[in-house]
Number of protein chains: 2
Amino acid sequence: MRVDDLPEIRQLGLFASMSEEHFEELMKAAYLQNFPAQVELIGEGDSADFLFFVIEGCVELYGTANGREGVLALVRPVGSFILAAIMSDAVYLMSARTTKKSRILMIPAQNVRDAFEKDDGFARSIVVELAGYFRAVVKEYKDLRLRTGVERLANRLIKYHVSQGASGKVKLPCDKKTLASILGMTPENLSRAFGTLKAYGVSVDGGVVTLGDMKSLTVLAKPNPLIDDPST
Amino acid sequence: MRVDDLPEIRQLGLFASMSEEHFEELMKAAYLQNFPAQVELIGEGDSADFLFFVIEGCVELYGTANGREGVLALVRPVGSFILAAIMSDAVYLMSARTTKKSRILMIPAQNVRDAFEKDDGFARSIVVELAGYFRAVVKEYKDLRLRTGVERLANRLIKYHVSQGASGKVKLPCDKKTLASILGMTPENLSRAFGTLKAYGVSVDGGVVTLGDMKSLTVLAKPNPLIDDPST
DNA sequence: CCGAATTCTTGATTATTATCAATTGGATAT
DNA sequence: ATATCCAATTGATAATAATCAAGAATTCGG
């Protein structure tokens with residue numbers, strides 16, 4: 001498949017200030033592929049051979065240790081992942097799998113590093129991208145470290161609510177099993193956390209959650225822009 | 001105080017490929033200051049006015065939310081902190097305080113950003129630095145998410161043991177209160193975790209820990225280079 | 001439509017961690 | 001030396017979360 005069909009890639013912050021020539025070169029080396037759901041694209045510990053972009057669908061980044069597994073993030077269109085491993089020329093720290101049928105752009109690591117050496121605009125864009133990644137993980141860390149499960153859920157609901165237009169209803173972006181893992185809890189405890197939030201005006205109907213008492217929910221959640229606001 | 005007295009700064013990866021001229025410029029704008037212990041250098045939410053380097057002493061990075069506080073990392077000579085906030089021109093996500101008498105180099109954020117624009121080598125070095133930061137936080141996240149307190153302690157002891165020459169003894173790098181916070185637990189639970197590790201050959205005498213049965217300790221800890229090895 | 005598989009929920013129990021309280025021990029200052 | 005402070009430990013209890021088990025609800029393929 002030709003990559004030229006993807007103007008959204010060219011528009012990405014990462015490539016916006018890259019020269020046309022270098023961009024062409026990168027795209028010539030790139031692969032665009034469709035994957036079914038539940039395909040493991042990379043495994044932690046593998047050497048970083050490709051930089052990935054999610055064009056369509058959704059990819060889950062997760063880690064394993066001591067017999068446990070946890071999802072760190074979902075990547076949706078158009079997002080990249082594991083840029084840091086590429087720039088460090090190191091192994092991946094996280095595994096990645098598709099959660100549904102997905103279209104993925106893969107750029108060989110060496111081409112990315114070559115472009116980084118040749119193209120100053122690209123190098124600077126990578127700084128901005130990595131700084132944003134870093135700050136996002138720090139926020140995840142604080143969320144996990146400083147809040148209980150119920151608080152994490154409450155804040156996540158408020159966050160989704162805002163990003164979806166604050167209509168009073170929230171559409172969950174994934175199934176509850178995955179949401180639980182994103183929030184750092186088991187599915188059982190997510191169910192119970194929803195139960196706890198009933199007293200704060202939260203009612204659940206399948207994948208749709210109604211926030212009926214924002215005031216008391218907010219008192220419980222204590223939302224914090226330094227954790228919850230993706231733009232800070 | 002003159003910054004020229006600090007050849008170790010020039011040697012840092014961050015500045016190694018920077019032009020002499022731009023480095024001079026940066027250093028001219030920089031402040032070198034001595035702080036006593038327990039001084040709050042920055043507070044989370046403050047706008048990022050300076051990039052910091054620890055020249056001597058030690059600085060603790062910590063975050064607060066929902067009435068709780070947690071240490072994310074200790075920065076020792078010669079390390080920098082909050083580069084990501086500077087490059088994102090955003091507020092600090094973490095607070096920082098000295099844990100002992102420390103000498104700190106501060107470079108105004110705008111000068112750093114100017115140098116980033118002008119000096120391509122510097123821009124590329126920042127990428128490497130940020131990628132390393134990112135990977136370090138991901139490892140912290142996995143450690144916290146996928147391990148129990150006892151496992152975290154066991155792995156930390158093994159890590160210190162290796163970095164200190166694997167003599168069978170480990171000198172703790174800070175008081176136990178701080179260690180507890182770094183490990184994401186309370187001081188009480190750190191005491192109990194040490195108690196649990198007695199059965200695995202670990203004995204504590206003040207700040208010195210003896211590892212008497214590496215084999216069983218390792219079985220318990222299940223060390224993982226993708227979390228514990230700072231060089232991967 | 002049915003049946004199989006899976007997700008989701010709920011209950012009971014256990015594990016892990018935090019909190020509160022009391023005490024010990026060492027360091028320091030007067 | 002004595003008093004004071006604070007880190008560290010220990011015990012008791014409570015909060016939080018994980019695990020195991022069973023059922024209910026939902027999805028999916030035929």
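In the predicted model described here, A:Arg152 is found in helix α7 (residues 149-163) of chain A, where helices (H or I, at least four residues) and strands (E, at least two) are DSSP runs numbered from the N terminus. With a relative accessibility of 8%, A:Arg152 counts as buried, the term standing for under 20% relative accessible area, as against exposed for over 50% and partly exposed in between (1.4 Å probe, protein chains only). When neighbours within four places in sequence are left aside, A:Arg152 is in contact with A:Asp143, A:Leu144, A:Arg147, A:Leu183 and A:Gly184, contact meaning heavy atoms within 4.5 Å. A:Thr178, which is 26 residues from A:Arg152 in sequence, lies 14 Å from it in space, C-alpha to C-alpha.

Residues are numbered from 1 along each chain as its sequence is written, and chains are lettered from A and ligands numbered from 1 in the order in which they are written. Because the model is predicted, local features need pLDDT of at least 70, side-chain atom pairs count only at pLDDT 80 or more, and totals for chains, interfaces and linings use all residues, while side-chain values use heavy atoms, with hydrogens and water left out.

Chain A as a whole comprises 11 helices and 11 strands. Its radius of gyration, taken over C-alpha atoms, is 19 Å, close to the 17 Å that the globule rule gives for 232 residues, so chain A is as compact as a globular protein of that length; the rule itself is 2.2 Å times the number of residues to the power 0.38. Along the principal axes, the C-alpha atoms fill a box of roughly 60 × 35 × 30 Å. Of the 232 residues, 54% count as buried, and among the contacts with a separation of 6 or more, 71% are accounted for by residues 24 or more positions apart.

Strand β7 (residues 95-98) of chain A directs A:Ser95 and A:Arg97 one way and A:Ala96 and A:Thr98 the other way, and all of these residues are buried. Strand β2 (residues 40-42) pairs with β7(A) in the antiparallel sense over 2 bridges, pairing requiring that DSSP finds at least two bridges between two strands; here A:Ile42 stands opposite A:Ala96. Strand β4 (residues 59-65) also runs antiparallel to β7(A), to which it is joined by 4 bridges, and A:Val59 stands opposite A:Thr98.
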